[in-house]
Amino acid sequence: MTTELTRRDWLVGGATVAGSMLVSKMVSAQTVPNPNLNPTPENPIRAGFNENVYGPSLKAKKVMDKAAETAHLYNFFEQRTLNQVISKMEGIPGSHIAIGNGSTPFLEKAAMACAIKGGKVLAPDPTYQSVTGTAKMLGVEVVSVPVGDDLHIDLNAMRSAMTDDIKLVYLCNPNNPIPSIIEKNALKDFCLEMSKRALVVIDEAYFEYVNNPDFQSMKDLVVDNKNIIICRTASKIHGFAGVRIGFAFAHPETMRYIAGPFNLSLGNVAVAGAIESYQDIEYQSIIKQKNRESMDILEKMFEDLNLEYVKSNTNFAFFNAGRPSTEVAEELRKHGIWSGRPFPPFTNWVRMSTVKPEEMQYVADTYRKVFG
Ligand SMILES: Cc1ncc(COP(=O)(O)O)c(C=O)c1O
């Protein structure tokens, strides 16, 4: 065993005992492999919600504990600091960044803006349903364009479905529940073209997990273009799903659709934690590596069992179980595993989120035993 760890060993855990102990310390005490892993229906492995099961980084947790002391104060100054951190990191002017209680408020407000304008929404199908669901609740018609045979979002089909009464175009990249991406050049052309006719919202909730040269964030387009909004969230790689922080990148003139004149809706704990978490690059690398390890376990299971699946660019997999996903979910639940909900029309496909590698191994072993 080498005693001198390289920086890479340290970040990814390497194969050494010392390496994995360091990584365990970085993520949390819970990451130590647990030989007695015994999930139950009451205490399940949560592979159904695309969360980061490690939770926030220890550095973020530390400042969040402290932030409770300022519970009686508004956090305008801290919001400014967070804005500056994101602005520097993303190369987007601070005037083009709004902070939200997650990204959901921005997605919902975009749908509301569309309702107020009296237009329709154009979206792929299946996709994440915050925009389309809100639109439908408000009586807005949603024009849904099925994904192509390759299960990728079909931009040409969306182009063909575009009409003058569509006021909002929603794209999720990478998509959810299908973890595919849209090729960067095709997407840029599409955004520029559609933004001449409607507001374009690109939801990049999972962008941190992407390791694919064909992917590119569309964030730079918002600097000049008044009809493009990018949504981001701390709920995924940062483990903030229950803390709540998200961002919208948009031209200042476009902000009126999705943000108020001042922001009183953010909690001090969330803002303080996000300032720390976004600067904790090492933690994000570790989570990405752990995600890869878990995805490898799932993909090996798909290959061994000859199950069709979509190469993932996110923290979840999507595979054809060859039987109703409801049946799979019900069986897995008995073994203490939660998988994703059904995604019609892909009723035989299962969405499975990554969890810690040792938990993922349990999921794969259980799946083989029950369905293999
Ligand atoms: C694509 C996508 N966008 C947005 C969200 C919601 O994010 P937030 O927790 O920031 O509201 C999710 C949650 O799963 C998601 O999958």
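# Close-up views

**View 1. The side chains of arginine 292 and glutamate 299 meet in a salt bridge, with 3.3 Å from N to O.** A salt bridge here is a side-chain nitrogen of Lys or Arg within 4 Å of a carboxyl oxygen of Asp or Glu. The model is a predicted one, in which local features need pLDDT of at least 70 and side-chain atom pairs count only at pLDDT 80 or more, whereas totals for chains, interfaces and linings use all residues. Residues are numbered from 1 along each chain as its sequence is written, and side-chain values use heavy atoms, with hydrogens and water left out. Arginine 292 counts as partly exposed because its relative accessible area is 33%, while glutamate 299 counts as buried because its value is 8%. For these words, buried means under 20% relative accessible area, exposed means over 50%, and partly exposed lies in between, with a 1.4 Å probe and protein chains only.

**View 2. Glutamate 331 and lysine 334 form a salt bridge in which the closest N and O atoms are 2.8 Å apart.** Both residues lie in helix α11, which covers residues 325-334, and they are three residues apart, about one turn of the helix. Helices (H or I, at least four residues) and strands (E, at least two) are DSSP runs, numbered from the N terminus. Glutamate 331 is partly exposed, with a relative accessible area of 25%, whereas lysine 334 is exposed, at 52%.

**View 3. A salt bridge joins glutamate 141 and lysine 120, with 3.8 Å between the closest N and O atoms.** This pair links distant parts of the chain, since glutamate 141 sits in the loop between α6 and β4 (142-146) and lysine 120 in strand β3, 21 residues apart. Glutamate 141 is partly exposed, with a relative accessible area of 46%. Side chains of opposite charge can pair when their charged atoms come close. In total, the structure holds 18 salt bridges.

**View 4. The ligand is surrounded by 14 residues, of which Thr104, Asp203, Tyr206, Thr233 and Ser235 are the closest.** An oxygen atom of the ligand is 2.5 Å from an N or O atom in the side chain of threonine 233, and a ligand oxygen atom is 2.7 Å from an N or O atom in the side chain of tyrosine 206. A polar side-chain atom of lysine 236 also lies 2.7 Å from an oxygen atom of the ligand. Taken alone, the ligand exposes 390 Å², and the protein buries 92% of that.

**View 5. Tyr74, Phe76, Phe77, Phe262 and Leu264 form a nonpolar patch on the surface, with about 610 Å² of accessible area together.** Patches are made of residues with over 30% relative accessible area and no salt bridge, in which like charges are joined within 9 Å and nonpolar side chains (Val, Leu, Ile, Met, Phe, Trp, Tyr) within 5 Å. Accessible areas come from the Shrake-Rupley method with a 1.4 Å probe, and for residues only the protein chains shown count as cover. Tyrosine 74 lies in the loop between α3 (58-67) and α4 (76-90), and it counts as exposed because its relative accessibility is 57%.

**View 6. Threonine 254 lies in the loop between β8 (246-249) and α9 (268-279).** This threonine 254 is buried, with a relative accessible area of 1%. A polar atom of its side chain lies 2.8 Å from the backbone oxygen of lysine 226. Such a polar contact is a pair of N or O atoms within 3.5 Å; within protein, one must be able to donate a hydrogen and the other to accept it, and residues adjacent in sequence count only if both atoms are side-chain atoms.

**View 7. A cis peptide bond, with omega about 5°, joins aspartate 125 and proline 126.** Proline 126 is found in the loop between β3 (120-125) and α6 (130-137). A cis peptide bond also joins proline 344 and proline 345, where omega is about 5°, and proline 345 lies in the loop between β11 (337-338) and β12 (349-353).

Note on methods
A residue is near a molecule or strand if one of its heavy atoms lies within 4 Å of it.
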